[in-house]
Amino acid sequence: MTRILVASVGRNRASALRRATEEYEERLRHYIRFETVVVEPARLPDARAAEAREREAAALERRLPDDLELVALTREGERWTTRALADYLDDMRTYGRPGAVFAIGGAHGLAKGLLSRARRQLALSPMTLPHEVARLVLTEQLYRAATILRGEPYHKGS
């Protein structure tokens, strides 16, 4: 069974977003081995954004399994359709790859070192999204991709 980990900087403080995210996380666990990792933001002033990214990247790196492919979420990344995400998950299963970790940065994004280590870079949107929204969108899309692979009717897109 494919293992998917969503690793993010910062807790989801907005209760409505947190409940929605938890709902999709629970649904997703019926299809794949799904886990989350959350690290605390660096809480540095904007003038020290580079240092904040480095500290957060170090905290994420300590929690990332070595056997999973790293997919970094960034505005500059590839833009996948839901079907492409489903195909990515299917390829992992088909070719015996253990899974992937999707990394979501904090307010200042992900450090260059973490981005360069990533096997892929993925954009959920060309717009800047708060990490809480990015986590919800990613989790819902992972769930939707899983239903596509099972041939279930949740996905209505083409």
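Mentor: Two strands count as paired if DSSP finds at least two bridges between them. Strands (E, at least two residues) and helices (H or I, at least four) are DSSP runs, numbered from the N terminus. This is a predicted model; local features need pLDDT of at least 70, side-chain atom pairs count only at pLDDT 80 or more, and totals for chains, interfaces and linings use all residues. Residues are numbered from 1 along each chain as its sequence is written, and side-chain values use heavy atoms, without hydrogens and water.

Trainee: What makes strands E1 and E4 a pair?

Mentor: Six bridges join E1 (residues 3-9) to E4 (residues 99-104). Pairing takes at least two. The two strands run parallel. Arginine 3 stands opposite glycine 99 in E4.

Trainee: Why are E2 and E5 said to stand at the edges?

Mentor: The open sheet has the order E2-E1-E4-E3-E5. E2 (33-39) and E5 (120-122) each have a single partner strand, so one side of each is left without a neighbour in the sheet.

Trainee: How do you know that H1 has close to the expected span?

Mentor: The expected span is 1.5 Å times one less than the number of residues. H1 (residues 15-28) has 14 residues, and 20 Å is expected. From first C-alpha to last, H1 reaches 20 Å.

Trainee: What puts the buried residues of H1 on the same side?

Mentor: Thr21, Tyr24, Glu25 and Leu28 are buried (under 20% relative accessible area, 1.4 Å probe, protein chains only; exposed is over 50%, partly exposed in between). They cover an arc of only 105° around the axis, so they lie on the same side of H1. The arc is taken from the directions from the helix axis to the C-beta atoms. The face turned away carries exposed Ala16 and Arg19.
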